[in-house]
Amino acid sequence: MKNLKLALFSLAFSLLMVTSCTNNEPVGENPQQTEESQSISMALDQLRAKFNDSGNVNQSDNPTGNIVLDFCFDFVYPLTLSYNNGATVTVESLDGLIDIMLASTNELYINGIAFPFDVEVFNGDNNSIDIETIENEEEFVELLTSCEFDDFEACDCFEDFNPVCVEITDPNGGSFVVTYPNACYAECDGFTAEDFIEDCQDDYYAGGGFECFELNFPISVVTEDGNTITINSEEELGTALYGVYVFDFVYPFTVTLENETVVTINGPEDIEAILADCYGDYNGGGNDDCLECLDLPEDPVCVQYTTPTGETVIEVYPNACFAECFGFTAEDFVDCEEDNNPANCSEQELAAYLAQCEWNAVTSLNSNNQVLNFVFNSDGTVNASSDGASVSGTWQLASNPVSNEVFMFFVLSEPFGDISSLDWTVVSCSEEFIQLESTNEYLFLERNCE
């Protein structure tokens, strides 16, 4: 399993369990001499805005969950600072710096720093984290100027969930993967499509919490420097990893699945098994790579796999191209016999599936294979959107008591009127994938619980 890294567990964040010393505590025999610095005041003001009043990182401002990429740089600790009353403090970690920022007041605040000190910065020329030495106030000013805090504009990238990954070299020469919720966030940080790596799905650990299971806290992780951190919540987990490049879990620990089953994780292979079940079929909510399958003849195939709880699941796809696009191979294909064909879900089962999450869709009615988004509400209303257009309407299910066929009906205004004009028959149905047909037209729905 690859080194677990950024964007892990929700892009949510928490405090590293490290220490800081005040002027009333021993800080060593030869503490550095500090100088008054307007730059340290500005830097801490900017960094403080990244955290809420509890010391947890604000998720919306930190899409990668890494301080160097989301803020601009990270201090290399220990760091010697001084207060406006002349007292000095040696800060051993980001946790200690967060404590200082939270405790600062208009009467007592940091206004000095000991030069020289080192910082970690991102080098966009070779996608690496480099260490630079700041020798004096002038160089500190240059660093902050390069950060362009005053010119920063928040990226408006919240709507689309289609994760992309980039590989970064850490200061020790190792590599780790940074996951962005979508290409917009990555491009806002200066990356291009050429920087994206192909196996992003394998490295992604969901934003906003796992889709299909929850960690049972407390858990412990070991960072690359050998420190063991005990963590009591998802918020704490993210902030504990804010300045960490590589970590691993302390095993065993447990997770709770959607069906309330508690599973013990004894090693990386158990994590991979659950993630494969949770995200292995996820394709970023309408990944364009799968759209080419729409042009191929319909020749349904069924695939079979086993969940981490031992349940055997069978799903049907319109053709082998779709199945393979969702990560399956010919070895996973089974006969689509009537007894195990998931197309035969009931009206009640389909209604439950549709109400669980959002659904991305493509349809033959749209000549350019545009990806649509549907939110089916339990009160019979539906919200449909695509490329900035958004309308509200209604949806309804009905079933034939003789053939057991399930039908779906929409009432939507333009630009979704063509969908409303047809009566759709459910020909394939599972929690993840639903296929509707009407005469020679089709509508494919893929679950997106992010």
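Colleague: Which residue stands opposite leucine 436 in strand 27?

Modeller: Strands here are DSSP runs of E with at least two residues, numbered from the N terminus, and two strands pair if DSSP finds at least two bridges between them. In this predicted model, where local features need pLDDT of at least 70, side-chain atom pairs count only at pLDDT 80 or more, and totals for chains, interfaces and linings use all residues, leucine 436 stands opposite leucine 443. Residues are numbered from 1 along each chain as its sequence is written, and side-chain values use heavy atoms, with hydrogens and water left out.

Colleague: How many bridges join strand 26 to strand 27?

Modeller: Six bridges join strand 26 (residues 433–438) to strand 27 (residues 441–448), and the two run antiparallel. Both belong to a closed barrel of eight strands, 20-21-22-23-24-25-26-27, with antiparallel pairing.

Colleague: How many aromatic pairs does a search of the whole structure find?

Modeller: Rings of Phe, Tyr and Trp (its six-membered ring) pair if their centres lie within 6.5 Å, and planes under 30 degrees apart count as stacked, over 60 as edge-to-face and the rest as tilted. The search finds 19 aromatic pairs, among them the tilted pair of phenylalanine 374 and phenylalanine 410, at 5.7 Å centre to centre with 45° between the planes. Phenylalanine 374 lies in strand 21 and phenylalanine 410 in strand 24, so the pair ties together parts 36 residues apart in sequence.

Colleague: Is phenylalanine 374 buried or exposed?

Modeller: Buried means under 20% relative accessible area, exposed over 50%, and partly exposed in between (1.4 Å probe, protein chains only). Phenylalanine 374 is buried at 0%, and phenylalanine 410 is buried at 3%.

Notes. Helices (H or I, at least four residues) and strands (E, at least two) are DSSP runs, numbered from the N terminus.
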